[in-house]
Amino acid sequence: MVQDIATISPLITARRSGLAYDPDVELTDLQITSLCEAAHWAPSCYGDEPWQFVVWNKHQNNDAWQQALDCLVPGNQTWAQNAPLFFLTASSPKFKHNDKPNRWQSYDTGAAALNLCLQATHLGLVNHQMGGFDADKLKQIFHIPDEIECWAMIAIGAPADINTLSADLQERALQARSRRPLMSNFHHHGWQGQTK
Ligand SMILES: Cc1cc2nc3c(=O)[nH]c(=O)nc-3n(C[C@H](O)[C@H](O)[C@H](O)COP(=O)(O)O)c2cc1C
């Protein structure tokens, strides 16, 4: 029987880019390892696993965490300063088996990043990917090799009451998540015109 309303996994509906983090709750090693495990079970072209992650934990190395925070654009710093954990999502540009360019490196790394975010959601943790950061500065400070592609930072932490946020961030946090109509991104039996 065809359902009238298509249902999707509750994990997918529960994940959202959160803004309210409790800076005082230290994540356990087990939680952090499970985030890494989830990321590395992502599929990848040739099983190459091109992703590379760097983790900063405020409760273990505040100086390094602060330097990572300083690489975020100011708008992201306003809320991410309360997230005790950051991940850098990066990747190696060449296949390991033949040293040729891996043009799926970003595709695969995005899949790994989403796995990580879904696992964070599963653990009841707030998470938020950010493209707004200075990759050159981050690479320089943390000696990340030139050839490594830096894609996004991810803030993770225990949830806080949204009353802890400023009024404008509270408004943002309470906004309903929305998506464009399916028709604008999905095509049937051939391309249907629009390219945006
Ligand atoms: C690659 C990437 C970069 C993003 N960069 C930022 C960012 O710099 N700052 C921010 O507040 N949100 C950022 N976001 C979060 C998006 O704005 C968010 O995913 C989108 O609005 C959909 O909301 P949802 O994740 O709650 O479903 C980014 C998301 C992705 C996947």
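Let's start with Gly132. Gly132 counts as partly exposed, because it has 14 C-beta neighbours inside 10 Å. The cut-offs: 20 or more other C-beta atoms within 10 Å means buried, 12 or fewer means exposed, and partly exposed is in between, with C-beta atoms placed from the backbone.

A word on the model. It is predicted, so local features need pLDDT of at least 70 and side-chain atom pairs need 80 or more, while totals for chains, interfaces and linings use all residues. Residues are numbered from 1 along each chain as its sequence is written.

Where does Gly132 lie? Gly132 is in the loop between β4 (126–130) and α6 (135–142). Helices (H or I, at least four residues) and strands (E, at least two) are DSSP runs, numbered from the N terminus.

Which residues does Gly132 touch? Leaving out residues up to four places away in sequence, they are Leu72, Val73, Gly75 and Asn76. Contact means C-beta atoms, placed from the backbone, within 7 Å. Take Val73: 59 residues apart from Gly132 along the chain, yet their C-alpha atoms are separated by 5.4 Å.

Now the ligand. Gly132 is one of the residues around it, and others include Arg16, Ser17, Asn76 and Arg177. Here the C-beta atom, placed from the backbone, must lie within 6 Å.

Last, the core. The largest nonpolar core has 35 residues, and Ile154 is among those touching the most other members. Such a core is a set of buried Ala, Val, Leu, Ile, Met, Phe, Trp, Tyr and Cys residues joined through C-beta atoms within 7 Å. β5 gives the most to this core: six residues. Beyond four places in sequence, Ile154 touches residues including Phe86, Leu116 and Gln129.

Technical notes:
Two residues are in contact if their C-beta atoms, placed from the backbone, lie within 7 Å.
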